[in-house]
Amino acid sequence: VVQAGAELVHSLNYHQRWVWDAAFSSDSGYLVTVSTDTRAALWDVSKGEIIREFKGHQKGVVCVALNDATS
């Protein structure tokens with residue numbers, strides 16, 4: 001994750017294979033990543049930490065969408 005001025009804030013290390021897709025929340029506070037390692041992760045962008053892991057897919061996950069609308 002890079003803030004204004006191109007300063008590296010966090011390196012998001014979790015997936016063991018290619019990350020195929022990612023989606024930010026509307027406020028850019030959260031990020032979902034998916035990978036061919038059969039896992040998905042929900043990240044807190046400001047902390048650079050995983051909030052929730054999604055495991056158990058039988059095959060690699062290649063796309064993701066995030067709908068965080070409150071209304």
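Guide: Let us begin with contact, which here means heavy atoms within 4.5 Å. This is a predicted model, and in it Thr-38 touches Phe-54, Lys-55, Gly-56, His-57, Gln-58, Lys-59, Gly-60 and Val-61, once residues up to four places away in sequence are not counted.

Visitor: How far apart are Thr-38 and Gln-58 in sequence and in space?

Guide: Thr-38 and Gln-58 are separated by 20 residues in sequence, while their C-alpha atoms are 6.6 Å apart in space. Thr-38 itself lies in the loop between strand S4 and strand S5 (40-44).

Visitor: Is Thr-38 buried, exposed or partly exposed?

Guide: Buried means under 20% relative accessible area and exposed means over 50%, with partly exposed in between. Thr-38 has a relative accessible area of 24%, so this residue counts as partly exposed.

Visitor: Which elements make up the protein as a whole?

Guide: The protein has six strands and zero helices, and from the N terminus on its elements run β-β-β-β-β-β. Of its 71 residues, 30% are buried, and among the contacts between residues at least 6 apart in sequence, 32% join residues at least 24 apart.

Visitor: What does the side chain of Ser-25 reach, and where is Ser-25 found?

Guide: Ser-25 is found in the loop between strand S3 (19-24) and strand S4 (30-35), and its side chain reaches the backbone nitrogen of Gly-29 at 3.2 Å. Ser-25 is buried because its relative accessible area is 5%, and, leaving aside its neighbours within four places in sequence, Ser-25 is in contact with Tyr-30, Leu-66 and Asp-68.

Visitor: Which residues make up the largest nonpolar core?

Guide: A nonpolar core joins buried nonpolar residues through their side-chain atoms, and the largest one here has five residues in all, namely Tyr-14, Leu-31, Ala-41, Trp-43 and Val-45. Tyr-14 also has contacts to follow, among them Arg-39, Ile-50, Glu-53 and Lys-55, when neighbours within four places in sequence are left aside.

Visitor: Which residues make the nonpolar surface patch?

Guide: Trp-18, Trp-20 and Val-62 make a nonpolar surface patch of about 420 Å². Trp-18 lies in the loop between strand S2 (7-8) and S3, and it is exposed because its relative accessible area is 68%.

Definitions and conventions: Residues numbered from 1 in each chain as written. Predicted model: local features only at pLDDT ≥ 70, side-chain atom pairs only at ≥ 80, totals over all residues. Heavy atoms only, no water. Helix = DSSP H or I, 4+ residues; strand = E, 2+ residues; numbered from the N terminus. Buried < 20%, exposed > 50% of the residue type's maximum accessible area, 1.4 Å probe, protein only. Polar contact = N/O pair within 3.5 Å; in protein donor to acceptor, adjacent residues only side chain to side chain. Core = buried A, V, L, I, M, F, W, Y, C linked by side-chain atoms within 4.5 Å. Patch = residues over 30% accessible without salt bridge, like charges linked within 9 Å, V, L, I, M, F, W, Y side chains within 5 Å. Areas by Shrake-Rupley, 256 points an atom, 1.4 Å probe, with all protein chains shown as cover. Salt bridge = Lys/Arg side-chain N within 4 Å of Asp/Glu carboxyl O.
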